[in-house]
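Have a look at the sequence and the model below. Then let us walk through the fold together.

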Amino acid sequence: MNESKASRFDFDLLADSYDNWYAGRRGAMYDRLEKKLIVDFLPAKAEGKKLLEVGCGTGHWSRFFREYGFEVTGLDTSERMINAALQKNIVNVSFLIADGHLLPFANDSFDLTAAITTLEFVRDTEAVLREMIRCTRKPGRILLGVLNGLSKANRQRQRQDSPKSPYAAARLFSPVELKEFLEPFGQVEITVGGFVPAQSWLIPFAPLVDPIARIFGGQKGAFIAAVLKL
Ligand SMILES: C[S@@+](CC[C@H](N)C(=O)[O-])C[C@H]1O[C@@H](n2cnc3c(N)ncnc32)[C@H](O)[C@@H]1O
């Protein structure tokens, strides 16, 4: 796979350490809050429904979607990320190396197509979205999780991380930018969450802080969940 054409960052470099983020206290808390947001946009019944995950990485979310009840196909340009996913032996999930710009599936093959923190890293965001739409049955859903460009934590990482980190290469969206990007293609709903305090000792309080920040319309959480209804 030619990474320079498909992706803004070569995730092969991170494949061995990628899941450490989810294992740490901060990463695990973000993960918990992000899953809450994404579940709100999933259909109540997933059994018998096919879900494609574009940019599945190490299969972290693919496993979650499978456990929710979907038949899951995960794909990624990074061979080493896909190898890490395969090593997890997640039952009933297929993984393949492929590029979101040119999905190897017929039109309308899936009930739902998801990309979790992936659009930020693809070379051409609109081309990938159009491919996801093409492969999704109508009516159907596109489900997105995106790093929020308004979040202080994300902006700091983008400024301070080494140019070799994925953050430096990422295209971050604000909630309004994401909404405007998606609206020409269907009905859009967006939620901003992932309000995890910067101080480590406050991390356990995030499940209290997050819903309150959301009730008051906070726009600066680290994560934007979006559904595009086709
Ligand atoms: C930040 S990681 C997210 C991985 C996974 N979704 C997660 O949340 O744990 C972004 C992933 O997108 C993949 N990616 C980047 N460009 C891609 C493309 N054009 N097609 C498919 N996957 C791509 C990368 O290789 C990487 O695994």
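This is a predicted model: local features need pLDDT of at least 70, side-chain atom pairs count only at pLDDT 80 or more; totals for chains, interfaces and linings use all residues.

Residues are numbered from 1 along each chain as its sequence is written.

The protein has 10 helices and seven strands. Here helices (H or I, at least four residues) and strands (E, at least two) are DSSP runs, numbered from the N terminus. Along its principal axes, the C-alpha trace spans about 45 × 35 × 30 Å.

Seven strands form an open sheet with mixed pairing, in the order 3-2-1-4-5-7-6. Two strands pair if DSSP finds at least two bridges between them. Strand 3 and strand 6 stand at the edges, each with a single partner strand, so one side of each is left without a neighbour in the sheet. At one end, strand 6 and strand 7 pair in the antiparallel sense over seven bridges, and E189 stands opposite V227 in strand 7.

| Strand | Residues |
|---|---|
| Strand 2 | 71–76 |
| Strand 3 | 93–97 |
| Strand 6 | 187–193 |
| Strand 7 | 223–229 |

What surrounds the ligand? There are 21 residues around the ligand, the closest being S7, F11, G55, G57 and G100. A residue counts as near a molecule if its C-beta atom, placed from the backbone, lies within 6 Å of it. This shell divides into nine nonpolar, 10 polar and two charged residues. Ala, Val, Leu, Ile, Met, Phe, Trp, Tyr, Cys and Pro count as nonpolar, Asp, Glu, Lys and Arg as charged, and the others, Gly among them, as polar.

Definitions and conventions. Two residues are in contact if their C-beta atoms, placed from the backbone, lie within 7 Å. Axes are lines fitted to C-alpha atoms, for helices over the stretch in contact, and angles run from 0 to 180 degrees between N-to-C directions.
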